[in-house]
Amino acid sequence: MDWFNYLKEQDFFNPENNPSPIQVSDGYQIPSWEVLDYLIAISEKLKYSENLELIPEILEIVKNISEHPVDNYHTWYKLIKILSLIPNDYVTDEFLDFIPVYVTSRFDTLLQTAEITDSLLPKFLKEDKNSEDIEKAERIISHLFEVRCFDSLEQLETIATLRYGSPFYLYKINHAFHDEQILSKIINICSSKPLYKLIDQINILLRDNVIVAEGVTNELNYTFKFYRVYQEMIFTLERSSNDEKELLDRIVINDYLKLDVDWFNHFLTDIFTKHSIELQIYNDLHEKLSFALWNDFSSLVGYEGFKDLEQDSHFHNVTLGVFSYILREWLVGLIEVNPERLKDVLKDFIYKNELNLPYFKRLLLYVVAQDWDSLKYIFWNLVDKEDNINLFSSFSYRLELYYMLSKVSKNLNTQEQELINNIIEKGPVGKRHYSSSKEEWQHRWLDALQENEFFNSKYKALEEKYNVINDYSEEGKFVVRVGHITPFTKEEILSMQIEDIVHNIENFSSKGGWDNPTVEGFAEVIKEAIEEEPDKFSNCINLFLNVKYIYVNEILSAFSNAWKANKFFNWENVLNFSFRYITAPSFLDHSNQMNDDFRVNKDWIYGAISMLITNGTQNESHSISNELLPICKEILFHIFQQLPESDFKISDDTDFIMYSLNSTQGQLMAALLNYSLKLARNKGSENELNRWDDDVRNIFDESFDKFIDSFVLIGKHIPQFMYLDEEWLREKLLFLNNVEGVKWLAFMNGLTFGKPLNIVYYNILYPSYQRAVDSNISIIRYNHGILRHLLAYYFWDYEENFEKTLLYKILQNSNVDILQNMIQLLVKQKAILRDDIPNKEILVQKILKIWSLINASLELISKDLKSFDRIVYLTDFIEKLTDENVVLVEQNLLKFHNDINNIHFIGALSNWMNNSSPELIGRLVSIMNIKYVHEKQPLIDLVTFLYETGQNSVGNHVVNKLTMEGYDFLKPIYLRFNQ
């Protein structure tokens, strides 16, 4: 309790402290707000009746943070967890309605979704719970079914299909509803409200396409468009002639889902009359538009049948696929739990205007098939003896209707048989059916009904007479497979003798077809088997000498992975095998290459061997025997001679670090470096300045003429090369200062990827650093790159005069990326504020100088400065305001004065009131544009301080400004000091 009060009093729960995402070179980092872990800890004790008196205060904190959102999924996950731990009675609708806030993010929402489905929702879904808990559960479920449009509606006219989707992590919803039995609980406990919420949202998803139809009359082209946005439909009419377009009409139709065909007929007629359009194009436009308005894309495409829905079904819209599977299982579950509710829903699918789409009738057919005896009357309400809605003739219904007929064919009574037979005998109706002939169309339905004795003879006669043979059972399935099919399982591979595995490899070939086993799949499963039992395979590895590249690549990679997993095997056998394999004629003449999906070639094998040797030599505590180093050297030297030169024409903006890590040449040179370091560590040397194998040094010298990767490697690993041969390294660095173009860029990317250097090597490489700065090259891809180096050198006093440092010069260039990265880097230096840091005051002054320079550079930037607003956090480095540093704060206050930044500024002012000049504080407050009150007390303290120190005009400025915004809590203070 005391600790909670302390944290609260010290403002630890202030939403201002909720950390924002931090942009890094390859994306964003999402910091965690650790103080919320304490709230979780005390909330977990509530179930033991501890800390109950804190519940209102905890909820107030949750509310406060939720009302001031920051896009931080760690924070939202923790708040949901806290709500999951609070007793149900206290978790009111107000808090449940923050759920949409918690999943409004540019990042994925897995954490939030998982906590809702795993904890928050289940605690209200208990059969012994009261009606209030059930209503809360239904409220959560309704939020889970929320659909959002991810397009800008301001540019609606440029959109062909609206991008609707769920803000939740759909895989988790799918898993929770089905594998964790949440859906079963909902069916048994909840009312129909969440069910209809799901149906309504699906109805929106089904209408995501823009409807367009054109007609031409008297050389005038008319374009009719309908945009459907949630419950609203927008109609536009354009007329064009000779490349000139004119918008004739734009009509917004609210709650359009309830409108029927009669409404549309009148609407279109009125449009033709209003704009005097020739009626000769009316019928064609009417047909096109009405067909599009009362059909849905998923039904028209015909590859997403309800009969084939599974948890991993792939609709054209993923949200629609997940929601459809839930809805299908929900309705099927109602057959036993609440059949009357189910019948009401199915009737709505037939009779409600807003559900007049093939999708819902298709779903009805699927559900009716599950309980024909009880539900068949609904089917016959849909289909009369003439099939006037063309259910049998419409492409959209063919999958579910076939499924239903095949499932119920044995249960049809005489009257039902006769009705269906009459429809089949009549043949297809209309021009939108999907068969080339009446007989082909009839064959589908007779095939579905062939297990019915009445229809079986008709089916056989049709097949015999017209030779119509089709398999409809798999029709409509849309299956996505990731990866390759293997002819054997890992367990089967492990149970075989090595000779049998090799025999199977030599005699196996892919047969084509997406669902047949492939060599890629076979190679992958062999890799998995070796990773599990590497010793078994290493003892007989020479049996694999004649197999193709793709298999050997996976075999060598498997040994690397096994070694990293601390498993042991016969290294001598594996290394000897590697050398024999890459020196065999069948390897060198490409005989071992296959036409596999990966196009594995010799370079892949060279890279796999290099990685294997790297893994075996780089960690002395888990390393190969020194006796094997000669064979390693022989292998690596052979590979070096075989590899072609790099293409030195690669782009200047290449990610050299990743390029080197993934290239065969880079992997080879890294292996040579790791081999050299292991050899040096173990052989000892009287000359500590030269521990390097002469042959390898010569190879590295030669490599600078062959491989771009060597330039990256030497930059990344200067300390390692220093250990091997410091004299060689210094000579090479002097050479690198003067190399041209992409080679120098590769070196600098490697250099700035590593740690800053000591002053000796800084002086050696100063020309390269200066060259980078003079060239205005932003080498900041990883961990702020060159900026991190230059800041360290400034901190370490390599140069005393700031204005003459390279850091000063690079920041003067006003490069946007450089300035943004510098601000982020400075904010990360808060560790220097600790009392145990030597020269803390000097370092702070240096940061203030950099801050001043950044402010000056920002003056030269014309673009929106919003992306620089993290600079306000540099106020943390000002312990006390002075005439010099107050200028820095002033400059930022004038540029970055949004509500969030003001919260931080007010916090800083609260600290400065204890030790700084009232006049300086008043000077800052006078230029603040305060419109929003995050917390009252800091403002009360600030205004009181201003009045008490004679800054009445500034105090009045704050009071007047907030009064105009509707805040009157400062009025008593104003009256007290303005009598």
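This is a predicted model: local features need pLDDT of at least 70, side-chain atom pairs count only at pLDDT 80 or more; totals for chains, interfaces and linings use all residues.
1. Overall build. The protein has 979 residues, and 53% of them are buried. Its secondary structure comes to 49 helices and eight strands. The C-alpha atoms fill a box of roughly 100 × 100 × 75 Å along the principal axes. If you take contacts between residues at least 6 apart in sequence, 71% join residues at least 24 apart.

2. Surface and charge. Carbon and sulfur atoms account for 47% of an accessible surface of about 44,700 Å². There are 95 positive and 145 negative side chains, yet the centres of the two sets lie 1 Å apart.

3. Phe145 and Trp330. The count of aromatic pairs comes to 59. One of them is Phe145 with Trp330, a tilted pair at 6.3 Å centre to centre with 45° between the planes. Phe145 sits in the loop between helix H8 and strand E3, while Trp330 is in helix H15, 185 residues away. Phe145 is buried at 0% relative accessible area, and Trp330 is buried too, at 2%.

4. Phe306 and Tyr359. These ring centres are 5.0 Å apart and the planes meet at 70°, so this pair is edge-to-face. Phe306 is in the loop between helices H14 and H15 and Tyr359 is in helix H17, so the pair ties together parts 53 residues apart in sequence. Both Phe306 and Tyr359 are buried.

5. An aromatic cluster. Worth a look on screen: one cluster takes in Phe224, Phe226, Phe235, Trp263, Phe264, Phe267, Phe272, Tyr282 and Trp294.

6. Charges over rings. Arg398 lies over the face of Phe395, 4.0 Å from the ring centre. Lys846 lies over the face of Tyr794, at 4.8 Å from the ring centre.

How values were computed:
Residues are numbered from 1 along each chain as its sequence is written. Side-chain values use heavy atoms; hydrogens and water are left out. Helices (H or I, at least four residues) and strands (E, at least two) are DSSP runs, numbered from the N terminus. Buried means under 20% relative accessible area, exposed over 50%, partly exposed in between (1.4 Å probe, protein chains only). Contact means heavy atoms within 4.5 Å. Accessible areas come from the Shrake-Rupley method with a 1.4 Å probe; for residues, only the protein chains shown count as cover. Lys and Arg count as positive and Asp and Glu as negative; His and the chain ends are not counted. The place of a charge is taken as NZ of Lys, CZ of Arg, CG of Asp or CD of Glu. Rings of Phe, Tyr and Trp (its six-membered ring) pair if their centres lie within 6.5 Å; planes under 30 degrees apart count as stacked, over 60 as edge-to-face and the rest as tilted. A charge sits over a ring if NZ of Lys or CZ of Arg is within 6 Å of the ring centre and within 35 degrees of the ring normal.
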